[in-house]
Amino acid sequence: MSHFPEFEVIPAVDVQDGEVVQLVGGERGTGKRYGDPVAAAERWIEAGAGTLHLVDLDGAFEGERVNAAAIESVVESVSDGVGLQLGGGIRTAEGARDLLDLGLDRVILGTAAVETPEIVAEIDETHPGSVVVSLDAKDGEVVVSGWTEGTGLEPAEAAARYEELGAGGILFTNVDVEGQLAGVDREAVASVVEAVDVPVIASGGVATVEDVVALKEAGAAAVVVGTALYEGEFTLREAQDAADEI
């Protein structure tokens, strides 16, 4: 995986019905809309983003890629120097490879990786290091299918298992605090970081620049920020500068 050269703050571009939205607590229908995905992508790149985190929200819930056209237009509009990762509705190795060939740097697999773990190894064979396995935790347990089903797996244990299968990175989201600007769970992130050697990208609950710094201190390689950036709680530059100072 193109390891993050240093800690990176990554803006989220979550797409639903062709528009950028941010959900609260992962609940469908709670989204606040923020306009055109290409415009959002361009805005974050202009603000200094080195990587963008794209999510097909309809895909995550429906199990198929509903916003393919909107996502593709973002991929086409972004220059080669910017890293792109996409999650939501990627269910097959073939589908993942097509996206990587289209110009994405990393694909994020959630439900598919839990249901058919071998898919991780399959994609890794042709596109080494490009698979990020998304682990969403609620009350200390990994949950799947749009956060509705528990798996009985503990996040650190699950992360180590996927690293063995070829995951190039882990995206760790604490659903309890997702989209609520409620602060982050530093210990939960640190336990996943300690369990693996691959980069851990943290997401969920970031409300302040201090939260970003706390996640870096917990050992995260990068942090995905959505709501706080869209609501202007802080700027991308402020967050990146604060993280760079430690």
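A: A47 counts as partly exposed, because its relative accessibility is 32%. That word sits between two others: a residue is buried under 20% relative accessible area and exposed over 50%, and partly exposed lies in between, using a 1.4 Å probe and protein chains only. Keep in mind that this is a predicted model, in which local features need pLDDT of at least 70 and side-chain atom pairs count only at pLDDT 80 or more, while totals for chains, interfaces and linings use all residues. Residues are numbered from 1 along each chain as its sequence is written, and side-chain values use heavy atoms, with hydrogens and water left out.

Where does A47 sit? It belongs to the loop between α1 and β4 (51-56). Helices (H or I, at least four residues) and strands (E, at least two) are DSSP runs, numbered from the N terminus. Apart from neighbours within four places in sequence, A47 is in contact with L236 and R237, where contact means heavy atoms within 4.5 Å. Along the chain A47 and R237 are 190 residues apart, yet their C-alpha atoms are separated by 6.9 Å.

Among contacts in the chain between residues at least 6 apart in sequence, 66% join residues at least 24 apart. The chain has 246 residues, and 56% of them are buried. Its secondary structure comes to 11 helices and 12 strands.

Now for the aromatic rings. A pair of rings is described by the distance of the centres and the angle of the planes. Rings of Phe, Tyr and Trp (its six-membered ring) pair if their centres lie within 6.5 Å; planes under 30 degrees apart are stacked, those over 60 are edge-to-face, and the rest are tilted. A search of the whole structure finds two such pairs. One of them is Y34 with Y230, a tilted pair with 4.7 Å from centre to centre and 35° between the planes. Distant parts of the chain are linked by this pair: Y34 is in the loop between β3 (27-33) and α1 (37-46), and Y230 is in helix α10 (residues 227-230), 196 residues apart. Y34 is partly exposed, with a relative accessible area of 21%, whereas Y230 is buried at 9%. Y230 also pairs with W44: the ring centres are 5.2 Å apart and the planes are at 90°, so this pair is edge-to-face. Here too the link spans the chain, from W44 in helix α1 to Y230 in helix α10, 186 residues apart. W44 and Y230 are both buried. Taken together, Y34, W44 and Y230 form one aromatic cluster.

Next come the helices. In α7 (residues 155-165), the residues P155, A156, A158, A159 and Y162 are buried. Looking down the axis of α7, these buried residues fall within an arc of 160°, so they line one face of the helix; the arc is that of the directions from the helix axis to the C-beta atoms. An α-helix has 3.6 residues a turn, so residues three or four places apart point the same way. The buried residues of α7 pack against α5 (111-115), α6 (118-126), β7 (131-138), β8 (141-144), β10 (169-174) and α8 (186-195). Just after α7, G166 has a positive phi of about 115°.

α8 has buried residues of its own, namely A188, V189, A190, V192 and V193. Their cover includes α7, β10, β11 (200-203) and α9 (209-217).

D17 has a positive phi, near 50°, in a residue other than glycine, and its place is in the loop between β1 (8-16) and β2 (19-24). D17 counts as exposed because its relative accessibility is 56%. D139, likewise other than glycine, has a positive phi near 50°. D139 is in the loop between β7 and β8 and is exposed, with a relative accessible area of 70%.
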